[in-house]
Structure formats: structure tokens, C-alpha cells
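Open your viewer and keep the sequence panel beside it. We will go from stop to stop, selecting as we go.

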Amino acid sequence: MTAIAISVFIAALLGSGHCAAMCGAFACAAADVAPGQWARLRASAAYHAGRLVSYVALGAVAGAAGARLDAVATFRDAVRPAAVAAGFVLIVWGAGGLLTMAGARLPRVPA
């Protein structure tokens, strides 16, 4: 249990920099669009509601995809395929980031 608590604390500590740098700027911009205290409060509430809805929707889609992928594994004591797929994606993504930082030119998917 202690290892889980320490892991959560470290993840929250590392994630707070992202939140302050990106999410904080968006929240400040959303709250500064209208004159008056109540208009800013409504704009801020709308921003956070939209953020909540989008995170819930993305989480539901990812959870459904993972559950569907896990449903494919019909063997008892089999490794969950969603965990294997997520691990593979993280390894490839991390390797790509390291190669890019080392100066390698990797192909990009056009936007």
C-alpha cells in the first residue's frame, strides 16, 4: 500500500507542472474573456464543465476499447491484451521521443 501511495504522490507532483503550465493558462484565459465577476465565473465554469465532459468522454472511449480488447482474451490466466497493447504503445512512443532528442529524423503522420 505504501508503494502505491508513493507512486501516486510522485505522479501528482510531476503532473502538477503540466497542469500549472498548460491547464492554468487555459483556465486564466477562459476566466478573463468577459467583464464583471459573474461573467468571468460563468466563463470559468463553462471551461471546467467542457473539460470535465471531454475527459469523461475520452476516458469512456479508452475504457470501452480496452474492455473490448480484453474480451478477446478467452484463455484463463492469459495476459490482458489491453495492458500489452498499452505497454507496447508506451515503449514505441518513448523510444521515438528518445530518438528524436538524439537528433534522429523520424517520419511523421501528416496532420
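Here is a short tour of the helices and some of their residues.

**Before you start**

This is a predicted model, so local features need pLDDT of at least 70, side-chain atom pairs count only at pLDDT 80 or more, and totals for chains, interfaces and linings use all residues. Residues are numbered from 1 along each chain as its sequence is written, and side-chain values use heavy atoms, leaving out hydrogens and water.

**Stop 1: confidence**

Color by pLDDT, the predictor's confidence in each residue, from 0 to 100. The protein averages 81. A score of at least 70 is reached by 92% of the residues. Where pLDDT is low, the predicted coordinates should not be read in detail.

Now select helix α1, residues 2–31. Its mean of 79 is the lowest. Helix α3, residues 81–101, has the highest, at 86. Helices here are DSSP runs (H or I, at least four residues), numbered from the N terminus.

**Stop 2: helix α1**

Select Ile6, Phe9, Ile10, Leu13 and Leu14. Together they form a nonpolar surface patch with about 550 Å² of accessible area. Accessible areas come from the Shrake-Rupley method with a 1.4 Å probe, and for residues only the protein chains shown count as cover.

Click on Ile10, in α1. Ile10 counts as partly exposed because its relative accessibility is 42%. The cut-offs: buried is under 20% relative accessible area, exposed is over 50%, and partly exposed is in between (1.4 Å probe, protein chains only).

Move along α1 to Cys23. Is Cys23 buried or exposed? Cys23 is buried, because its relative accessible area is 10%. Leaving aside residues up to four places away in sequence, Cys23 touches His18 and Tyr47. Contact means heavy atoms within 4.5 Å.

**Stop 3: helix α2**

Select residues 37–72, helix α2. The expected span of a helix is 1.5 Å times one less than its number of residues.

Which residues of α2 are buried? They are Ala39, Ala43, Ser44, Tyr47 and Gly66. These buried residues pack against α1 and α3.

**Stop 4: helix α3**

Select α3, with its 21 residues. From first C-alpha to last, α3 reaches 30 Å, close to the 30 Å expected. Find Leu98 in α3. Leu98 counts as exposed because its relative accessibility is 58%. Draw a C-alpha to C-alpha distance from Leu98 to Ala43: 39 Å.

End at Gly103, which follows α3 and has a positive phi, near 105°.

Methods
Helices (H or I, at least four residues) and strands (E, at least two) are DSSP runs, numbered from the N terminus. Patches are made of residues with over 30% relative accessible area and no salt bridge: like charges are joined within 9 Å, nonpolar side chains (Val, Leu, Ile, Met, Phe, Trp, Tyr) within 5 Å. A salt bridge is a side-chain nitrogen of Lys or Arg within 4 Å of a carboxyl oxygen of Asp or Glu.
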